[in-house]
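Hello,

I am passing on the structure we spoke about, and below it you will find my notes on a few of its parts. Please have it open while you read.

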Amino acid sequence: MSTQLEDAVQPGPVVVDIAEVSKRFTIRKDNSLKERIVTLGRAGRQHREDFWALRGVTTEVRAGQTIGLIGHNGSGKSTLLKVIGGIIEPSSGSVSRRGRIAALLELGAGFHPDLTGRENVYLNGSVLGLGRDEISERFDDIVAFSGIGDFIDTQVKFYSSGMYVRLAFAVAVHTDPDLLLVDEVLAVGDEAFQRKCLDKIRSFQQEGRTIVLVSHSLGQVAELCDRVILLNQGEVVVDGEPLEAIAAFRDILEDRRVAEVGSDGVPPRQVARVISGEVSVQGRAPGEHLRPGDDIVITSTFEHDEGIDDWVCAIQIDNEHGQVIYGASTIVSGYQLERLEGRRAVDLTIADARFGEGKYFVNVSLMDFAGRHLHDIPQATSFTVRTEGHSRGPVFAEPSFELRPKA
Amino acid sequence: MTAALGYDRQVMSERSDAESVRLTRYAKLSETPLQSVVASRRLSGGWSSLRQIFGHREMLDLLIRRDLKARYKDSSLGFLWSLVRPLTQLLVYYVVLGQFLGAARGIPEFAIFIFTGLTIYGLLSEIIMGGTASIVGNTGLVKKVYLPREIFPLAAVGSALFNFAVQLVILIAATIVLGAFPWHAGLLYAFPSLALVLVYGTALALILSAANVYLRDIQYLVEVLTMLLMWASPIVYSWTMVRDTFGAGSVALDVYTNNPVTLAVLGFQKAFWMAGDASHFPPDLLLRMVVAFLIGLVFLFVGHTVFRRLQGDFAQAL
């Protein structure tokens, strides 16, 4: 954490300057010559539909920053990434850029299946702007990083998809980029390789390289980025602190979910509602910081207009990065609930809770036995835990070191 | 406290290295000018994209090699296959048209005559067909990273030229075997012929490759077009036959003759087909070729402009 914060303090020169960029996609339904001739002229216009993927996006990226682009599907984040990469031209506005760029958009897309791994490394390296000698120089590193080993002289079409992606990633990160564009590709490969990728990205950050990444994993974004841009329907909604942007994104997601539920025919006024969630600890004033070992009581209130027998009270606790730290529900605990009609409150006591230092958010859900969420309040309430600072991470347990005597 | 401190201390020692690396990078970046990413709206348009293509010549080289390597990768005869087609064509046309239909009677050294035409025409049709498919065939690269997209049709031109060179060697070997290596001043006609094919072929490859991205019908249209072009030029019959049909000096004959493909084929025949005397060729052949070449340059410029206009939306149309 500390390293990222210090990186943010001293940003370098502007690497990408984006001014008033808009992108319109025209969706055509007539794609063959015949259809187009038939629908020539005015009729043709009915077969076209405009879709604004980006609207008036203005921002700049400074060297050394790691920027996360988040937003739901179709919000324009991948388009923005491709506009930065010069792969898609904006309909209006300007983009300028400097330095060497490497794009991990569709990994290994430039690979030719009939060529060997070795030949593809040269081809791909050249695509990313390396000279032949430079590739030869780094070739061993690339192979070592990819972990492909002897398969390097095998045709790429015989590779497993994991090997394919690993080799492509290895080439891209060895091109000495000033600016690295990453689109959802960190979720590839086995866990060990993912760890390797993340380590590589961290060392890139240390070396002052700029990274722009698109990810659906909010936890990853919170962990890696020092700035997050939230896009919604092609517009920048939030551009700033990761936690702030992620919180805003959660709100948008929740609005959409509610809207979707509403459009499914369920009346907008819900029959089942979560009214509130509250945290209390015996012996501590409301708002006072909690300590490890406290018995945390979470009181949630539910309401149902028609009455429901198979209902479940579920509580989930997330940390600041959006990672799930704790979850409990009446069905998992085997606790029998009475029929819910009107308003009822449920107390959940988490005995001897040992959360680590930090802020935690409580999500309260009302579900049925089939696991359907009838209503949720994400971040219904929050609490902060203070420890003596003896350990890090989401779990607190008192550490004690002892040097063993010499054998 | 200790665990946390140990971690920080390790970071601190690496810090000074990373710091200097970072500052060097920043300094280097500050010196490089910010460049507009939007290619089609750059002021110096055509010229700067030519410079960019030149800057990517190593890439062009690799792409050509890749095309050639990948084409016959898993076949045991390998690139010999690229010779099978023209040689079969030669055999069929020689036997069927030459002997059965009697075209050979009016044309001395009929085999050389046909192969000469097929060689130069093969180059054109391969440029057009390969070029048309080039952008769609490289979807992966086009969508992945920005490269001057002209590279893909140009790579198709390059690999067509390689096959052409191989065929040319066979053609020359054949002339030697048949005892008449074309060692005469007329051999120089090969160069304007080649130039004509390259200029028109490249222009068409640029336009068609871009159009094919939006309308996949183009590649089928091109198959028909190349067949038409072949029969519209004196490859398996001689120019004199057309002259006799249309009548010398007629407008139809002029239209037929001034087709750049016809001119290129005629020029190539003048270079490698020794048996034909002056009466086999139209008057002012060289002048016609020069004019066609100049028009071709304009056409190439137009083709490139069209290509640059269309390329902005490639990545999303693919």
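In helix 5 of chain A the buried residues are A:Gly117, A:Asn120, A:Val121, A:Tyr122, A:Leu123, A:Asn124, A:Gly125, A:Ser126 and A:Val127. Please keep in mind that this is a predicted model. The helix spans residues 117-127 and is mostly covered, with 9 of its 11 residues buried. The cover over those buried residues comes from both chains, and includes helix 6 (132-146) and helix 7 (161-173) of chain A as well as helix 3 (57-71) and helix 6 (139-144) of chain B. Just after helix 5 of chain A, A:Gly129 adopts a positive phi of about 95°.

**Helices 7 and 8 of chain A**

Helix 7 of chain A packs against helix 8 (residues 191-206) of chain A at an angle of about 10°, their axes being 12 Å apart, and the two helices are therefore roughly parallel to each other. On the helix 7 side the contact involves A:Arg166, A:Phe169 and A:Val173, which meet A:Phe193, A:Cys197, A:Lys200 and A:Phe204 of helix 8. By class, this contact has 5 nonpolar and 2 charged residues, and no polar ones.

**A sheet in chain A**

Chain A also has an open sheet of 4 strands in the order 13-12-15-16, with antiparallel pairing, whose edge strands, strand 13 (324-329) and strand 16 (373-385), each pair on one side only. Within the sheet, strand 12 (residues 311-319) and strand 15 (residues 358-368) of chain A are joined by 9 bridges, and A:Ile317 has A:Val362 in strand 15 as its bridge partner.

Best wishes

Definitions and conventions
Residues numbered from 1 in each chain as written. Chains lettered and ligands numbered in written order. Predicted model: local features only at pLDDT ≥ 70, side-chain atom pairs only at ≥ 80, totals over all residues. Heavy atoms only, no water. Buried < 20%, exposed > 50% of the residue type's maximum accessible area, 1.4 Å probe, protein only. Contact = heavy atoms within 4.5 Å. Axes fitted to C-alpha atoms, helices over the stretch in contact; angles between N-to-C directions. Parallel < 35°, antiparallel > 145°, perpendicular 65-115°, else oblique. Nonpolar A, V, L, I, M, F, W, Y, C, P; charged D, E, K, R; others polar. Pairing = 2+ DSSP bridges.
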